[in-house]
Amino acid sequence: MNKANGQSSKSTHILSTSANLLGFCFVVLTSTKINKLDQASFIDEGAALAVMCFMSSCLLSFLAIRNKIELRSIKLEKLADVLFLCGLITLSLTTILITFNII
């Protein structure tokens, strides 16, 4: 993570992947609203929670990239990483519950 030693930062990868998954969540939310699905409540809630995680992850990873203080940048990157993982888990659980007709 030390940029001075030539090691690349994970923040750029977190930012781009979070932004892509954020777009996916918006597509899911929009499609449930357009199709007026009866049981879309859980899908909406799961996608909305994932949106919040991915949006926060995008913001924190961007701040980590732009930050001049390396220690703060590392902390922001770690927090962005955790929020990204939370978003992935949320999407995974929502998908599993839908796939196996649990909801």
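## Thr90 and its contacts

Thr90 touches Gly46, Leu49 and Ala50, leaving out residues up to four places away in sequence. Contact here means heavy atoms within 4.5 Å. Thr90 lies in helix α3. Thr90 is buried, with a relative accessible area of 12%. Buried means under 20% relative accessible area, exposed over 50%, and partly exposed in between, with a 1.4 Å probe and protein chains only.

## Basis of the model

This is a predicted model, in which local features need pLDDT of at least 70 and side-chain atom pairs count only at pLDDT 80 or more, while totals for chains, interfaces and linings use all residues. Residues are numbered from 1 along each chain as its sequence is written, and side-chain values use heavy atoms, with hydrogens and water left out.

## Overall fold

The protein chain has 3 helices and 0 strands. Its pattern along the sequence is α-α-α. Helices (H or I, at least four residues) and strands (E, at least two) are DSSP runs, numbered from the N terminus.

The chain has 103 residues, and 31% of them are buried. Take the contacts between residues at least 6 apart in sequence: 71% join residues at least 24 apart. The chain exposes about 6700 Å², with 67% supplied by carbon and sulfur atoms. Accessible areas come from the Shrake-Rupley method with a 1.4 Å probe; for residues, only the protein chains shown count as cover.

## Helix α1 against helix α3

Two packed helices are described by the angle between their axes and the distance between the axes. Helix α1 spans residues 11–35 and helix α3 residues 70–99; their axes come within 11 Å and cross at roughly 30°. Axes are lines fitted to C-alpha atoms, for helices over the stretch in contact, and angles run from 0 to 180 degrees between N-to-C directions. α1 and α3 are therefore roughly parallel to each other (angles under 35 degrees; over 145 is roughly antiparallel, 65 to 115 roughly perpendicular, the rest oblique).

On the α1 side, the contact includes Ile14, Leu21 and Phe24; on the α3 side, it includes Ala80, Phe84 and Leu88. By class, the α1 contact with α3 has 8 nonpolar, 3 polar and 2 charged residues. Ala, Val, Leu, Ile, Met, Phe, Trp, Tyr, Cys and Pro count as nonpolar, Asp, Glu, Lys and Arg as charged, and the others, Gly among them, as polar.

## Leu22

Leu22 is in helix α1. Leu22 counts as buried, at 9% relative accessibility. Leaving aside neighbours within four places in sequence, Leu22 contacts Val51, Phe54 and Met55. Leu22 and Ala47 are 25 residues apart along the chain, and their C-alpha atoms are separated by 9.2 Å.
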